[in-house]
Amino acid sequence: MQVTPTSEVDLKILELQLGRVPRGVLGIAARCVCGAPTVVATAPRLENGSPFPTMFYLTHPTAVKGCSVLESNQWMEYLNELLASDEDLKQRYEGAHRAYIEAREAVEVVEEIKDFSAGGMPERVKCLHALLGHSLAAGRGVNPIGDMVRDRLAEDGLWNEEECSCLAGQTPADFVQEEPAPAKGDASFPWLDEGPAHRVAAIDCGTNSIRLLIGEMKNGEFEQYLRTMDIVRLGEGVDRTGRLSDEAIARTLAKAGEYGQVARVAGVNRMRFVATSASRDAENREEFRAGIRRVLGIEPEVVEGLEEAALSFSGAVGSLEDAATPVMVVDIGGGSTEFVLGAGEEIEASVSKNMGSVRITEKFPELSGANPSTEAAAAWVDQILNEVAKEVPLERVNTLVGVAGTVTTITCHALGLKEWDPVAVHGATISLEQMLASCDYMINAPAEELAALAYMPQGRADVISGGAVIWRQILVRAAGANPKLRETRVSEHDILDGIALSLLS
């Protein structure tokens, strides 16, 4: 028996399979041929202290459904009659009971359940799901009833462990294979099929991070199914070399492939992948684009100008109905920052500048240290803001809305949060003084202290200081242009939400 470690994508898939956050996960005890979890190994005692006897928990939706069908057809009655009449089967079933307890107690001995295994062992057949889970985890020959369930499921066409029925698709090992782009009808890419959009996936790939949003419209409102973010640093070093590094491309393609895997399991039938400045500027951008076509089957888009502004604006202010107009949305990314001024659905002015948290940190490496001098970096930002002011009338801004990771992370500090809380962050109103104070903290605190913050995403601590310099200078400039502007709003929603909504419009 081999329990393999869980990856981030495993945990995301488990949550989708179970419809809840998985508890007490030790690892994956059995996998689909595509690599998705089929059986999860669970701790004998959960985080809340409750004993949990079912160590090998079946999660694969098709296998779970198949077992339920067999149970509803009274097949367990036949198995119980067989168990009562076949002495050899009874002895082997008792051996499975002992093997189950032995495997569980190798992890922890829990007194409350020390004599119990799962599925009705050793005397009865009570749960086919538990017995199948044990058979898949331990391998054939350990649990005879579980082995019989495997065979019966295949015979009846309910589930075949040798075929993928969860559409979890490619594994990271497939990413480097040169294959033609898939076409409509390819089961690995259900979002290529024609028909109305039901559940959609939006992927936003920036210079520093890649993000996924899955959701659908319910009762006229967008309902979020899953939102996640990972640091991939696609644009690492691109200002210096003009190229995307092989390592950065590999990291990003691997994560994009994982997102595709999650989208398949979630039942997504429309997907859009939008890439920002790093893939737009690099001389080897076609290598990256071809990789996305291989792992997701769709063409990565680089949106610019009015379309980018409209997506950012609609995503950010859609749920901030009380914001005084005109509203300016500021989206600080890793490589660029977008400024969009508008009211309602109308965009009045917008501009994108090559100024982001990664870009400024690579240009001014001193920002990575504690208590850095920010004079040169601030002067560089101010020069870019002079250009912004020529295209966006800052004096007309009545509400300033900050979005994306730099601003939301700084907001966690401004709110005094102990951990990431998107509900508290979204829609928050922060005074100018408090936001500036939190910017100063992010600029001056040591990297180790920043990395230890529970709300600091892994991979952001070394660039948050640079991002805070940008946000600080924007706040000062906007307040100087309109002295009535004494606070800022924060939105957890941004261009990612706009991308998702565009698929449903």
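The model is predicted: local features need pLDDT of at least 70, side-chain atom pairs count only at pLDDT 80 or more, and totals for chains, interfaces and linings use all residues. Residues are numbered from 1 along each chain as its sequence is written, and side-chain values use heavy atoms, with hydrogens and water left out. Helices (H or I, at least four residues) and strands (E, at least two) are DSSP runs, numbered from the N terminus.

**The six-stranded sheet**
- The sheet is open, with 6 strands in the order β10-β9-β8-β11-β13-β12 and mixed pairing; strands pair if DSSP finds at least two bridges between them.
- β10 (346–353) and β12 (429–431) each have a single partner strand, so one side of each lacks a neighbour in the sheet.
- Neighbouring strands are turned by 25° against each other on average, direction ignored. Axes are lines fitted to C-alpha atoms, for helices over the stretch in contact, and angles run from 0 to 180 degrees between N-to-C directions.
- β12 and β13 (residues 487–491) run antiparallel, joined by 3 bridges. T429 stands opposite R489 in β13.

**Helices on the sheet**
- Helix α14 (residues 404–414) lies across β8 (327–332), β11 (399–403), β12 and β13, at about 115° to β13.
- Helix α16 (residues 432–444) packs on the sheet and touches β12 and β13; contact means heavy atoms within 4.5 Å. The direction of α16 makes about 80° with that of β12.
- S438 lies in α16. S438 is buried, at 0% relative accessible area; buried means under 20%, exposed over 50%, partly exposed in between (1.4 Å probe, protein chains only).
- Not counting residues up to four places away in sequence, S438 touches I410, H413 and A414.

**Strand β4**
- In β4 (residues 199–205), 7 of 7 residues are buried. One side carries R199, A201, I203 and C205, the other V200, A202 and D204.
- β4 runs antiparallel to β5, with 7 bridges, and a hairpin joins the two through 3 residues. I203 has L212 as its bridge partner in β5.
- β4 runs parallel to β7 (residues 270–275), with 6 bridges. A202 has R272 as its bridge partner in β7.

**Lining of the largest pocket**
- By class, the lining has 15 nonpolar, 22 polar and 13 charged residues. Ala, Val, Leu, Ile, Met, Phe, Trp, Tyr, Cys and Pro count as nonpolar, Asp, Glu, Lys and Arg as charged, and the others, Gly among them, as polar.
- β6 gives the largest share, 8 residues.
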